[in-house]
Amino acid sequence: MEDLAGTKKTDFALSAQEIEQFHRDGYIGPFDLYEPGEMEQNLRALRPKLLNTRRAIYGQEKAVSGVTNLANYDRHLDVDFLAGHITRPEIVHRVASLLGPDVLCWRTEFFPKYPGDEGTDWHQADNFSNVAGSKHPQIVWPEDSEFGGTITVWSAFTDASVEMGCLQFIPGSHRTMNYDESKVMTYDADSIGKLEKSGVRRGFFGYDYRQLQKDPNWSPDESKAKSMVLKQGQFIVFWSTLMHASHPHAGLTDDMRLGYAARYLPTQVQVYPFSDALQEFGGEASLDKFGCVMVSGEDTHGHNRFVDRTVNGTPFLADR
């Protein structure tokens, strides 16, 4: 049997060994999702839709700024291919293996890297107040939770090689937060592409993530870093609290690298409990049209606002 995304109903749950590996290392993958040729066709069809932000929920004028912008957030709410992508069973079954049966998707983001772009700073995200102008936590786990963060599924919509700026992880670093997200970072669009850290051009989309370090004299042990090379159409799963970064794009090819991150939580976590707007990366956008998407199971907590279809009226295909 096939669902509306054309995918055969198969169980893609992680094995006990894979779950153990994930909890040890903080990540698992890569996994195949689309054949490279299939993803390339999808991307060609997707590009003009991404340029049209007329129906994007953060398409307001103030949402656009710097090298990343809020208009890139949550395009699964207005682009049907992305609505299908976040509910793909190859992704959802694996995430549910880690979070339990009741899972929501609360945010998606594009991460383009063009020839010559700087790498991304080493960073971790727990409650995502890191770049929030309000400094309000964007996600809040129950008080008795051992840890926070979100499961991020990063999909390679193009090849992601070392030279094109693939992700870097420090395995096993997800259990200790080296950053205090309540600290304030200074946004400086003029610094983009101009800072070197340990000999590598890195930044955080106009911020310097080192400003959040608990110990200003600490630095990540990059000797333990691993490069996550992904082929076009593959994805990788990791905790947002894992120390992660990306290489600069070396500019050896004219091709850009494009990643698409979807972020998942169990339904007992509150999303944007203190906010009615986003203020990030020098931009601002209202959350009036925002809603979480149930991708697996049921919500019995009632903490969050949900949408069951895109702004185009296309239903999301939750796995129930």
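1. The strand order E7-E8-E3-E11-E6-E9 describes an open sheet of six strands with mixed pairing. At its edges are strand E7 (196-197) and strand E9 (226-228), each of which pairs on one side only. Strands here are DSSP runs of E with at least two residues, numbered from the N terminus, and two strands pair if DSSP finds at least two bridges between them.

2. This is a predicted model, in which local features need pLDDT of at least 70 and side-chain atom pairs count only at pLDDT 80 or more, while totals for chains, interfaces and linings use all residues. Residues are numbered from 1 along each chain as its sequence is written, and side-chain values use heavy atoms, with hydrogens and water left out.

3. Within the sheet, strand E3 (residues 119-123) and strand E11 (residues 244-246) run antiparallel and are joined by two bridges. Histidine 123 stands opposite histidine 244 in E11.

4. His123 also belongs to the lining of the largest pocket, which has 37 residues; Phe111, Thr120, His123, Phe204 and Phe205 lie nearest the centre of this pocket. The space in the largest pocket is about 550 Å³. A pocket is an open set of points on a 1 Å grid over the protein atoms alone, where a 1.4 Å probe fits, with protein on both sides within 12 Å along at least five of seven lines; lining residues have an atom within 4 Å of a point. Grid points are joined across faces, edges and corners, and the volume is the space filled by probe spheres set on the points.

5. Which strands supply the lining of the largest pocket? Strand E2 (103-113), E3, strand E5 (151-156), E11 and strand E12 (257-266) each supply at least two residues, and E2 gives the most, with five residues. By class, the lining has 17 nonpolar, 12 polar and eight charged residues. Ala, Val, Leu, Ile, Met, Phe, Trp, Tyr, Cys and Pro count as nonpolar, Asp, Glu, Lys and Arg as charged, and the others, Gly among them, as polar.

6. Phenylalanine 128, in the loop between E3 and strand E4 (139-140), has a positive phi near 65°. Phenylalanine 128 counts as buried at 5% relative accessibility.

7. A cis peptide bond joins glycine 29 and proline 30, with omega about 10°. Proline 30 is in strand E1 (residues 27-32).

Definitions and conventions
Helix = DSSP H or I, 4+ residues; strand = E, 2+ residues; numbered from the N terminus. Buried < 20%, exposed > 50% of the residue type's maximum accessible area, 1.4 Å probe, protein only.
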